[in-house]
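Please keep the structure in view while reading.

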Amino acid sequence: MDTKTQFAKLGLFDAKVPRYTSYPTAPHFSNDVTPTDFEGWVKAIPAGNSISLYIHVPFCRRLCWFCACRTQGTQSDDPVRIYLQTLKAEIASLGQILPKGVTLSRLHWGGGTPTLLAPDMMTELAQAIADIAPFATDYEFSVEIDPNEIDEARLDALAAAGMNRASIGVQDFDDDIQKTIGRIQSFDITKKAVEMIRARGITSLNADILYGLPHQTKERITESVQKLLSLSPDRVALYGYAHVPWMAKRQQMIPSDALPTPQERLDLFETATQLFMWDGYTEIGIDHFALKGDGLDVALRTGKLRRNFQGYTDDTADVLIGLGASSISRFPQGYAQNASSTSAYTAAVRAGEFATARGHTFKGEDLLRSRIIEMLMCTFGIDGAELQRDFGLSDAALMAHYREVTEKFEGMIETVGCQLSIKPEARAMTRIIARHFDTYDLSKAGHSSAI
Ligand SMILES: C[S@@+](CC[C@H](N)C(=O)[O-])C[C@H]1O[C@@H](n2cnc3c(N)ncnc32)[C@H](O)[C@@H]1O
Ligand code: SF4
């Protein structure tokens, strides 16, 4: 049986599996976690520790049809200014309970489109954050930048606020594909954004591109990847396009008969991967690539690569606090998610409360399984020695965890002593293998294609 037939037999082309940016995944959160839990978990951060902070800006000037992110369109700045005041109130409330001496090792502004904030709003937001927690020495401050929604003044404001990593959305450079996915963005606009970013000394650049888009072929993705490579990003996220029109209604504008088949998606992914590898990039986890020496490359080589809601990271902080509508925080005790709708979030913050609406408190084997899944997603393997050290697992208990996958995925997985690894040719199966360690109701597991 050839490899692809074997993948098909094991469900690669039919299964819907989570991307495991958390465990348990967000559909398993419940309303058991309250603002009181969030407050208690913040207060339990040891004084002087470094944490990560994520700020969500759920607005865009245009709504791209392909986009599954939680965001809303607005042509006016009015709702954005009102939202900024709510965010500032939430930041100030956090500042009141944050233990002394806490610093920020990572700050990320995401969305939506944080770059639709006017320069004065960016400065105001950055100041509000600096007022409650200064940057740690080796901080990283990254912002998601839509090349269609950026200019010199806004970049000046971001650079002055300390931004040192930019993440630009590219998706695909092909004209036909751009028309079909409702996202027009010329190569020249993207190149200009990159030049403006680099002119301010911001040398760390990430770019997002997609495979599995309507009308995408191997030739077209090759051309798009080559154009992207001409801009020399330090990191690339090569996401599989998630077509979920029942959740993201605007995707109904995209004809599903123009989408590649799951087998074609795998070919597109492999074509793009090959191009990045030929150009000297290191493969980071299931869908990222980094130049040698980039933080993700170093983290992979030193065993410090982690996975969180923003994807792969070299941040080792135990606590990630998410502010803004729908943002998720992770603490050693569990996850806390803010109310999703901007109105419910605003109402809670205006009432002087935190906006936590749901979450999950870790229990039983959650932390062990979370770490196993994270290891698989980061390194395509399981470091049994680390699990035995951190979770006190006996040899027999560790082997019992391995047995189900080694039997089911025979020939794709190797074990040497207490270490397990997925063979390089079977890496496309990683999320399906990871799912075997997930004990939550898999019918709620997630809607994105396994490849
Ligand atoms: C939250 S968006 C913000 C990007 C920014 N607003 C822009 O347009 O450049 C971040 C990334 O999510 C990815 N994304 C959005 N919708 C997606 C989907 N349906 N499937 C896969 N990735 C998606 C895109 O690659 C996008 O660049
Ligand atoms: S891709 Fe970016 S600009 Fe387009 S709708 Fe999504 S968040 Fe907004």
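## Polar contacts of the ligand

In the side chain of Thr-113, an N or O atom lies 3.1 Å from a nitrogen atom of ligand 1. This model is a predicted one, and the distances given here are computed from it. The backbone also takes part: a polar backbone atom of Ala-242 is 2.9 Å from a nitrogen atom of ligand 1, and a backbone N or O atom of Phe-66 is 3.0 Å from a nitrogen atom of the ligand.

## The shell around the ligand

Of the 580 Å² of accessible area that ligand 1 has on its own, the protein covers 88%. Two or more residues of the shell come from each of strand E5 (135–145), strand E6 (165–171), strand E7 (204–211) and strand E8 (235–240).

There are 20 residues around ligand 1, and those that come nearest are Gly-111, Gln-171, Arg-183, Asp-208 and Ala-242. Sorted by class, the shell consists of 9 nonpolar, 7 polar and 4 charged residues.

## Nonpolar cores

In soluble globular proteins, nonpolar side chains tend to be buried together. Here the largest nonpolar core has 125 residues, and those with the most contacts inside it are Ile-55, Leu-94, Leu-98, Trp-109, Phe-276 and Ile-321. When neighbours within four places in sequence are left aside, Phe-276 is in contact with Ile-209, Val-225, Leu-228, Leu-229, Val-236, Tyr-281 and Phe-289.

A second, separate core has 10 residues, including Phe-66, Ile-177, Ile-181 and Tyr-241.

Definitions and conventions
Residues numbered from 1 in each chain as written. Chains lettered and ligands numbered in written order. Predicted model: local features only at pLDDT ≥ 70, side-chain atom pairs only at ≥ 80, totals over all residues. Heavy atoms only, no water. Near = heavy atom within 4 Å. Polar contact = N/O pair within 3.5 Å; in protein donor to acceptor, adjacent residues only side chain to side chain. Areas by Shrake-Rupley, 256 points an atom, 1.4 Å probe, with all protein chains shown as cover. Helix = DSSP H or I, 4+ residues; strand = E, 2+ residues; numbered from the N terminus. Nonpolar A, V, L, I, M, F, W, Y, C, P; charged D, E, K, R; others polar. Core = buried A, V, L, I, M, F, W, Y, C linked by side-chain atoms within 4.5 Å. Buried < 20%, exposed > 50% of the residue type's maximum accessible area, 1.4 Å probe, protein only. Contact = heavy atoms within 4.5 Å.
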